[in-house]
Amino acid sequence: MSTPTRPSLVPHWLALAEELVGRAAPRLDALNLFPVPDADTGTNMLATLTAARTAADACPAQDDVGAVLAHAGAAALDSARGNSGMLLAVSLAGMAEPLRGRERVDAFALAAAFGAADRAARQALSDPREGTILTVLSAAARSLARSSTQAPDTPAVAGDADPAVRLGPAVTVMLADCVQAVEETESLLAPLTRAHVVDAGAVGLLWVFEALRSVVTGTPVDEELATVLPGYVEGAHAAEGEPAAAVEAPAEGAVEVMGTLALTPLAAAELRRRLTEVGDAVILAPVGTARDGHGRVPWRVHVHVPRAEDAIGPLRAAGDVEGLAVTDLAGPSHGDAAPDGCHGR
């Protein structure tokens, strides 16, 4: 039988994820090294989760898990900050479609949702890199896929007749696999290897998944989950005595540019090409699927460029940009992004 989930599953999960990432945010900010050491990963992921949770609470279709996730994901994308916030938002939005129309979720459905999230996150990036949120998201998708296709004669938990759809055990195994994936990030990116730390975004996603495990299983949160991960307690620049100078800082004047505009798939591909020529950390993700009379859907755009004008020109050439924000990557946080093309700190 499938494991029933209350209509409030998604809001309950996102509320707990918001709480856990909120507690962890200062440590995640201190751990932040990639793609730039701008000390805002926890802050950005928390802002994304707050937007997602607020939208999930307000969604009128609480009996449709996929609809609630779509509502939450669209709001998260619209409010996402930074590379980590964008990838988290894309992941939440990506989970929605396989769960459309479902009042209950089993391991098969959750595996499909995480597989879709993994694909969406990788497709959104112009240069997907291992050792990041992507590595943990892929590990979660693979783990759930394995659990959902276990042989029927696999020993089951007492009272659970069909292990192939045991959601609680599947999510518990997934969390353990994700811890291992986070540990592996230290060896997958040179800046992390040099500083002897794991990726901040990967740890943030681990807390999001721990919230899911706790909600699904009805068991307490493991408060010590991340304390043994290299650098989590000490911070990136303090781990193993690594001096801050050993970490490559953002180039002087480098900025993050974000905005939303309506694009056809062809126009989105052309904008991605143009932004990749002038910057890096390029992320483009559709916000929903509803097309306007010109066949366009809203796309959320994120890029790091040497000068704001390098990105603003291509963006405005592609269409009317809403919520245009520019943030100085050398500043202490993306939380003070200046809207409408004005530079932040």
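Two residues are in contact here when heavy atoms of each lie within 4.5 Å. In this predicted model, Asp-118 is in contact with Leu-134, Leu-137, Ser-138 and Ala-141, leaving aside its neighbours within four places in sequence. Asp-118 belongs to helix H5, which covers residues 107–124. With a relative accessible area of 13%, Asp-118 is buried, because buried means under 20%.

**The chain as a whole**

The protein chain has eleven helices and five strands. It consists of 345 residues, and 54% of them count as buried. The accessible surface comes to about 14000 Å², and carbon and sulfur atoms hold 55% of that surface. Among contacts with a separation of 6 or more, 68% are between residues 24 or more positions apart.

**Helices H3 and H4**

Helix H3 spans residues 65–79 and packs against H4 at an angle of about 160°, with the two axes 7 Å apart. H3 is therefore roughly antiparallel to H4, as angles over 145 degrees count as roughly antiparallel. The crossing of these two helices is left-handed. On the H3 side, Leu-69, Gly-73, Ala-76 and Leu-77 take part; on the H4 side, they meet Met-86, Ala-89, Val-90, Leu-92, Ala-93 and Met-95. Sorted by class, this contact has nine nonpolar residues, one polar residue and no charged residues.

Asn-83 is also found in H4, the helix of residues 82–95. Asn-83 is buried, and its relative accessible area is 15%. Apart from neighbours within four places in sequence, Asn-83 is in contact with Pro-35, Glu-256, Ala-281, Ile-283 and His-302.

**Helices H7 and H9**

H7 passes H9 in a left-handed crossing. From H7, the contact is made by Leu-167, Gly-168, Val-171, Thr-172, Met-174, Leu-175, Cys-178, Val-179 and Val-182. From H9, the contact is made by Ala-202, Val-203, Leu-206, Phe-209, Glu-210, Leu-212, Arg-213, Val-216 and Thr-217. The residues of this contact divide into 13 nonpolar, three polar and two charged.

Leu-225 lies in the loop between H9 and strand E1, which covers residues 255–263. At 9% relative accessibility, Leu-225 counts as buried. Which residues is Leu-225 in contact with, leaving aside its neighbours within four places in sequence? They are Leu-175, Val-179, Leu-206, Trp-207 and Glu-210. Leu-225 and Trp-207 are 18 residues apart in sequence, and their C-alpha atoms are 8.3 Å apart in space.

| Residue | Location | Relative accessible area |
|---|---|---|
| Asn-83 | helix H4 | 15% |
| Asp-118 | helix H5 | 13% |
| Leu-225 | loop between H9 and strand E1 | 9% |

Notes: Residues are numbered from 1 along each chain as its sequence is written. This is a predicted model: local features need pLDDT of at least 70, side-chain atom pairs count only at pLDDT 80 or more; totals for chains, interfaces and linings use all residues. Side-chain values use heavy atoms; hydrogens and water are left out. A crossing is left-handed if the near helix is turned anticlockwise from the far one by less than a right angle, and right-handed if clockwise. Helices (H or I, at least four residues) and strands (E, at least two) are DSSP runs, numbered from the N terminus. Ala, Val, Leu, Ile, Met, Phe, Trp, Tyr, Cys and Pro count as nonpolar, Asp, Glu, Lys and Arg as charged, and the others, Gly among them, as polar. Buried means under 20% relative accessible area, exposed over 50%, partly exposed in between (1.4 Å probe, protein chains only). Accessible areas come from the Shrake-Rupley method with a 1.4 Å probe; for residues, only the protein chains shown count as cover. Axes are lines fitted to C-alpha atoms, for helices over the stretch in contact, and angles run from 0 to 180 degrees between N-to-C directions. Angles under 35 degrees count as roughly parallel, over 145 as roughly antiparallel, 65 to 115 as roughly perpendicular and the rest as oblique.
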